[in-house]
Structure formats: C-alpha cells, structure tokens
Amino acid sequence: MNIHVVQPAETIERIADSYGISPNRLVLENGIEAPGTLITGEVLVILKPDQTYIVKEGDSLQSIANAYG
C-alpha cells in the first residue's frame with residue numbers, strides 16, 4: 001500500500017499511471033465521486049499487491065495457493 005498526497009495540477013490519470021494502475025481502480029478504491037476535482041493535499045491510498053500471478057493453462061486455485069503458500 002502507498003499513500004499519495006495530491007500535488008498541484010495532478011490528475012487521476014497521471015497519478016494512476018505513475019503507480020501502474022487504472023484510473024478507474026484509483027477512483028473506486030478511494031471513493032472519489034468527482035475525479036476532475038482533486039484537491040491539492042488530498043490523500044489517496046494506492047493499493048498494489050506485493051505479487052501478481054498470471055494464470056496458465058492447467059492451473060487451479062489450489063495449485064496456485066500451494067505454490068505461493
């Protein structure tokens with residue numbers, strides 16, 4: 001998890017891009033009702049998993065869980 005403090009002239013798109021997430025995800029996870037009206041100094045929470053996995057043919061939830069504990 002990261003905490004981001006909005007800087008002057010930042011946009012949802014720019015912030016999301018800098019963290020490698022979608023703007024929609026940033027809006028949803030922070031309950032932003034009007035994405036075009038960010039306030040300088042506003043605090044956003046950026047939820048990013050520590051690890052990701054791309055499912056391959058033959059994988060199951062159990063096999064992935066076993067592989068990653």
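Start by selecting Val5, which is partly exposed with a relative accessible area of 38%, where buried means under 20% relative accessible area, exposed over 50% and partly exposed in between, computed with a 1.4 Å probe on protein chains only. Before going further, keep in mind that this is a predicted model, in which local features need pLDDT of at least 70 and side-chain atom pairs count only at pLDDT 80 or more, while totals for chains, interfaces and linings use all residues. Residues are numbered from 1 along each chain as its sequence is written, and side-chain values use heavy atoms, with hydrogens and water left out.

**Strand E1 and what follows**

Val5 belongs to strand E1, residues 2–5; helices (H or I, at least four residues) and strands (E, at least two) are DSSP runs numbered from the N terminus. With neighbours within four places in sequence set aside, the contacts of Val5 are Glu10, Gly41, Glu42 and Val43, contact meaning heavy atoms within 4.5 Å. Draw a distance from Val5 to Gly41: their C-alpha atoms are separated by 5.4 Å, although the two residues are 36 residues apart along the chain.

Select Val6 next and display its surroundings, where, again leaving aside neighbours within four places in sequence, Val6 is in contact with Ile15, Leu38, Ile39, Thr40, Gly41, Glu42 and Leu44.

Then move to Ala9, in the loop between E1 and H1. What is the phi of Ala9? Ala9 has a positive phi of about 70 degrees although it is not a glycine. Most residues other than glycine have a negative phi. Ala9 counts as exposed, at 74% relative accessibility.

**Helices H1 and H2**

Now show helix H1 (residues 12–19) together with H2; their axes come within 8 Å and cross at roughly 100 degrees, the axes being lines fitted to C-alpha atoms, for helices over the stretch in contact, with angles running from 0 to 180 degrees between N-to-C directions. H1 and H2 are therefore roughly perpendicular to each other, since angles of 65 to 115 degrees count as roughly perpendicular, under 35 as roughly parallel, over 145 as roughly antiparallel and the rest as oblique. To see where the two helices meet, select Ile12, Glu13, Ile15 and Ala16 in H1 with Pro23, Leu26 and Val27 in H2. By class, this contact has six nonpolar, no polar and one charged residues; Ala, Val, Leu, Ile, Met, Phe, Trp, Tyr, Cys and Pro count as nonpolar, Asp, Glu, Lys and Arg as charged, and the others, Gly among them, as polar.

**The largest nonpolar core**

Which residues make up the largest nonpolar core? Its twelve residues are Val6, Ile12, Ile15, Ala16, Tyr19, Ile21, Leu26, Val27, Ile32, Leu38, Leu44 and Ile46, a nonpolar core being a set of buried Ala, Val, Leu, Ile, Met, Phe, Trp, Tyr and Cys residues joined through side-chain atoms within 4.5 Å. Colour H1, H2 and E2, the elements that give two or more residues to this core; H1 gives the most, with four residues.

**Asn30 and Val45**

Stay with H2 (residues 23–30) and select Asn30, which is found in that helix and counts as partly exposed at 22% relative accessibility. Not counting residues up to four places away in sequence, Asn30 touches Leu44 and Val45. Leaving aside its neighbours within four places in sequence, Val45 is in contact with Met1, Asn2, Ile3, Leu26 and Asn30.

The structure holds one aromatic pair. Select Tyr53 and Tyr68, whose ring centres are 5.5 Å apart with their planes at 65 degrees, so the pair is edge-to-face; rings of Phe, Tyr and Trp (its six-membered ring) pair if their centres lie within 6.5 Å, and planes under 30 degrees apart count as stacked, over 60 as edge-to-face and the rest as tilted. Tyr53 lies in the loop between strand E2 (43–46) and helix H3 (61–68) and Tyr68 in helix H3, so the pair ties together parts that are 15 residues apart in sequence. Tyr53 is partly exposed at 30%, and Tyr68 counts as partly exposed at 46% relative accessibility.

Finish at Asn66, found in helix H3, which is exposed with a relative accessible area of 57%. Asn66 and Tyr53 are 13 residues apart in sequence and 13 Å apart in space, C-alpha to C-alpha.
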